[in-house]
Amino acid sequence: MSDLDQLHKKAQKTIGGALEPGERLLVARAGENSALVATNRRILICKWGLQTGAMFSTQLNSWDLRNIAGIETRKGMTTASIVVQSAGTVPVTKFGRMDKGAGSVWEAPNALFIKTVKTDKRTADDIAAELRRLVADAQRAGATAQATPVAAPDPADQIRKLAALRDEGLLSEEEFQAKKRQILGI
């Protein structure tokens, strides 16, 4: 299930307003005073209320899928949380419902407690596995695009084109010979 309608109205408004043209919603899950959304481009975490540091404010953070280092889950007796790990994010070290501070799930912008939803039987582990797959796919696609070599121009073809320009009178014989030597490295 990946529909913004299942999220709190604050999350719907904040996340819905942040989605870019062409961005497809793939995962949406409610948290405790928070929501997590994954699109074909990024993961977004929206928090509101005291978790943002102010009673009536809303906070939205997003991470490009290609820049995410990992997705962590933690389960306690009454809680389950998801943490997005990326360069520059706060290390989350406090996973209890009563823990406070920058390193707690409550206050870290890259973590949230996952809510149990009767209409969605996926666990935090199921959601994390789906997020990890999206991250891996995005990183693999990025690596493939970067690894695609650009073919070096064929020297014989370049010389033929220069000869055609010379024959059309657009290059002098001296210019042609100079460029030919440069292409051949002599």
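Arg-41 is partly exposed, because its relative accessible area is 32%, and a residue counts as buried under 20% and as exposed over 50%. This value, like the others in this report, is computed from a predicted model. The side chain of Arg-41 meets that of Glu-20 in a salt bridge, with an N to O distance of 3.1 Å. The pair links distant parts of the chain, 21 residues apart. Glu-20 lies in the loop between helix 1 (9–18) and strand 1, while Arg-41 lies in the loop between strand 2 and strand 3. Glu-20 is partly exposed too, with a relative accessible area of 42%.

## Overall layout

The protein has four helices and seven strands. Their order along the sequence is α-β-β-β-β-β-β-β-α-α-α. Of the 186 residues in the protein, 36% are buried.

## Strands 1 and 2

Strand 1 covers residues 25–31 and runs antiparallel to strand 2, with six bridges joining the two. In this pairing, Arg-29 stands opposite Leu-36 of strand 2. The hairpin of strand 1 and strand 2 has two residues between the strands, and in this hairpin Asn-33 takes a positive phi near 55 degrees.

Is strand 2 enclosed or open? Strand 2 (residues 34–39) has six of its six residues buried, so it is largely enclosed by the rest of the structure. Its side chains point two ways: Ser-34, Leu-36 and Ala-38 point one way, and Ala-35, Val-37 and Thr-39 point the other way. Residues on both of these sides of strand 2 are buried.

A hairpin of two residues connects strand 2 to strand 3.

All seven of the seven residues of strand 3 are buried, so this strand is largely enclosed by the rest of the structure. Arg-42, Leu-44, Cys-46 and Trp-48 point one way from strand 3, whereas Ile-43, Ile-45 and Lys-47 point the other way. Strand 3 pairs with strand 4 in the antiparallel sense over seven bridges. Within this pairing, Leu-44 stands opposite Ser-62 in strand 4.

Where is Leu-50 found? Leu-50 is in the loop between strand 3 (42–48) and strand 4 (58–64). Leu-50 is exposed, because its relative accessible area is 61% and the cut-off for exposed is over 50%. Together with Met-55 and Phe-56, Leu-50 makes a nonpolar surface patch of about 420 Å².

## Strands 5 and 6

Strand 5 (residues 68–75) and strand 6 (residues 80–86) run antiparallel and are joined by seven bridges. Gly-70 stands opposite Gln-85 in strand 6. The hairpin that joins strand 5 to strand 6 passes through four residues.

## Other salt bridges

How many salt bridges does a search of the whole structure find? The search finds 12. Side chains of opposite charge can pair when their charged atoms come close. One of the pairs is formed by the side chains of Arg-122 and Glu-130, at 2.9 Å from N to O. Arg-122 counts as buried, because its relative accessibility is 16% and the cut-off for buried is under 20%. Glu-130, at 22% relative accessibility, counts as partly exposed. There is also a network of salt bridges, which links Arg-133, Asp-137 and Arg-140.

## Arg-166 and aromatic rings

Arg-166 has two contacts to describe here. Arg-166 forms a salt bridge with Asp-167, and the closest N and O atoms are 3.2 Å apart. The charged end of Arg-166 also sits over the ring of Phe-176, 4.2 Å from the centre of that ring. Arg-166 is partly exposed, with a relative accessible area of 24%, whereas Asp-167 counts as exposed at 60% relative accessibility.

Terms used: Residues numbered from 1 in each chain as written. Predicted model: local features only at pLDDT ≥ 70, side-chain atom pairs only at ≥ 80, totals over all residues. Heavy atoms only, no water. Lys NZ or Arg CZ within 6 Å of the ring centre and 35° of its normal. Patch = residues over 30% accessible without salt bridge, like charges linked within 9 Å, V, L, I, M, F, W, Y side chains within 5 Å. Areas by Shrake-Rupley, 256 points an atom, 1.4 Å probe, with all protein chains shown as cover. Salt bridge = Lys/Arg side-chain N within 4 Å of Asp/Glu carboxyl O. Buried < 20%, exposed > 50% of the residue type's maximum accessible area, 1.4 Å probe, protein only. Pairing = 2+ DSSP bridges.
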